[in-house]
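Work through the exercises below with the sequence and the model open. Try each task before reading its solution.

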Amino acid sequence: MEFDRRTMLAGTAAAIATGPALAKGRASAGSWYDRAVIIDALGGLSDPYAPNDQLRLSDRVWTEMLATGVNVLRDTVMPVGNGPDPWGDFQKDLQGKKDVLNANPDRLVLVRTAADILRAKREKKFGWVWGTQDSAMFSPDLDRIAQAKKDGVMSVQLTYNNGNLAGDGSLEPRNSGLTKLGRATIERIEAEKLLLDLSHGGARTMAEAAVFAKRPLVISHTGSRALLDHPRNTADDTIKAVADKGGVVGVYFMPYLAADSHAHGADVIAHVEHVAKVAGEDHVGIGTDNGVLPQATDAEATRKLHEWAAARIKAGIAAPGEGLDVWPMVKDYNSIDRYRRFAADLAKRGWSEARLEKLMGANFLRVYKDAWGG
């Protein structure tokens with residue numbers, strides 16, 4: 001069974017602040033934000049306004065996606081975890097994404113190079129990056145990584161929360177780090193000129209992988225362990241090691257930024273500023289781990305949240321702090337204009353436009369170019 005939050009979110013998003021947000025988006029046309037490339041380095045693409053079997057994006061969701069100002073989203077080809085047939089499940093989910101892509105040629109651009117991102121921005125389309133959040137579907141047959149690249153996958157995450165044949169995830173108590181196969185997996189990812197992602201890794205796995213990697217890499221969605229000692233967050237030494245390799249660390253809009261699992265906007269800002277201090281302003285970005293649209297919190301959405309969270313807890317893949325009433329988001333930024341408001345909040349704290357452009361997309365654009373070319 002797959003426990004993808006984007007599946008949980010699909011069909012539950014409501015028009016949260018839709019009118020005001022759309023108006024605000026239009027009013028800010030011509031600003032640095034609208035000129036910049038805005039990248040969410042980990043999220044999900046879904047259409048809450050269309051039937052589940054409809055491949056064509058509805059006009060409403062497309063209008064709202066444009067209103068966010070986001071140009072590129074890195075999405076996940078499932079599954080995660082050690083299921084009985086991860087390669088078969090991967091093929092099914094990949095085909096589903098291909099079907100959506102083929103139904104929206106005028107709106108979606110499959111990103112294989114940095115040039116595709118610039119083209120999407122120029123043509124007012126949405127850049128869609130496909131990646132995995134596990135490597136279990138490839139192990140031990142690493143030739144599958146080359147096949148995945150042919151099919152459009154451009155980023156590979158080494159582990160999810162539990163351990164796999166490559167190494168231990170963030171919830172694996174033994175924390176034994178990389179395996180021989182894990183090192184071979186990294187070598188194959190880099191040989192294929194794909195992007196290595198260490199998110200969800202165990203502390204030792206991430207530290208060893210950051211040292212072992214030869215090319216720029218990312219931790220697409222995490223927080224600072226120095227600010228909150230949570231297994232999904234990352235230690236300063238590892239953040240610095242990724243930056244030293246030319247990589248980028250993305251901060252998520254998730255509960256794991258606060259001790260009570262109810263993070264606020266101030267928590268997001270604190271973690272971003274800490275990562276920027278440790279890594280440098282050229283090595284920090286945003287990977288919200290949300291969809292680009294806001295999350296509804298009505299009765300039906302709450303029911304789906306409970307169902308999703310209970311399934312993750314039962315499967316043993318829920319991180320500490322996850323629960324039936326813990327929303328996987330930051331409510332302060334649960335609106336269509338959240339990326340703009342987040343940037344505006346940082347500007348109030350003295351962040352220059354040039355620095356904000358790096359954070360909101362330019363840094364990830366650079367590492368994508370380093371990894372893929374173009």
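**Exercise 1.** Does Phe-364 count as buried or exposed, and why?

Solution. The model is predicted: local features need pLDDT of at least 70, side-chain atom pairs count only at pLDDT 80 or more, and totals for chains, interfaces and linings use all residues. Residues are numbered from 1 along each chain as its sequence is written, and side-chain values use heavy atoms, with hydrogens and water left out. Buried means under 20% relative accessible area, exposed over 50%, and partly exposed in between (1.4 Å probe, protein chains only). Phe-364 has 1% relative accessibility, so Phe-364 counts as buried.

**Exercise 2.** Classify the ring pair of Phe-364 and Tyr-368.

Solution. A pair of aromatic rings is described by the distance of the centres and the angle of the planes. Rings of Phe, Tyr and Trp (its six-membered ring) pair if their centres lie within 6.5 Å; planes under 30 degrees apart count as stacked, over 60 as edge-to-face and the rest as tilted. The structure holds 11 aromatic pairs. In the pair of Phe-364 and Tyr-368, the centres are 5.9 Å apart and the planes are at 40°, so the pair is tilted. Tyr-368 is also buried, because its relative accessible area is 2%.

Helices (H or I, at least four residues) and strands (E, at least two) are DSSP runs, numbered from the N terminus. Phe-364 and Tyr-368 are four residues apart in helix H14 (residues 353-372), so about one helical turn separates them.

**Exercise 3.** Find what sits over the ring of Trp-351.

Solution. A charge sits over a ring if NZ of Lys or CZ of Arg is within 6 Å of the ring centre and within 35 degrees of the ring normal. Over Trp-351 sits the charged end of Arg-355, 3.9 Å from the ring centre. Likewise, the charged end of Arg-183 sits over the ring of Phe-212, at 5.9 Å from its centre.

**Exercise 4.** Locate Gly-201 and list its contacts.

Solution. Gly-201 is in the loop between strand E7 (195-197) and helix H9 (203-212). At 3% relative accessibility, Gly-201 counts as buried. Contact means heavy atoms within 4.5 Å. Leaving aside neighbours within four places in sequence, Gly-201 touches Thr-159, Asp-168, Gly-169, Ser-170, Met-206 and Pro-231. Finally, compare sequence with space: Gly-201 and Asp-134 are 67 residues apart in sequence, and 9.7 Å apart from C-alpha to C-alpha.
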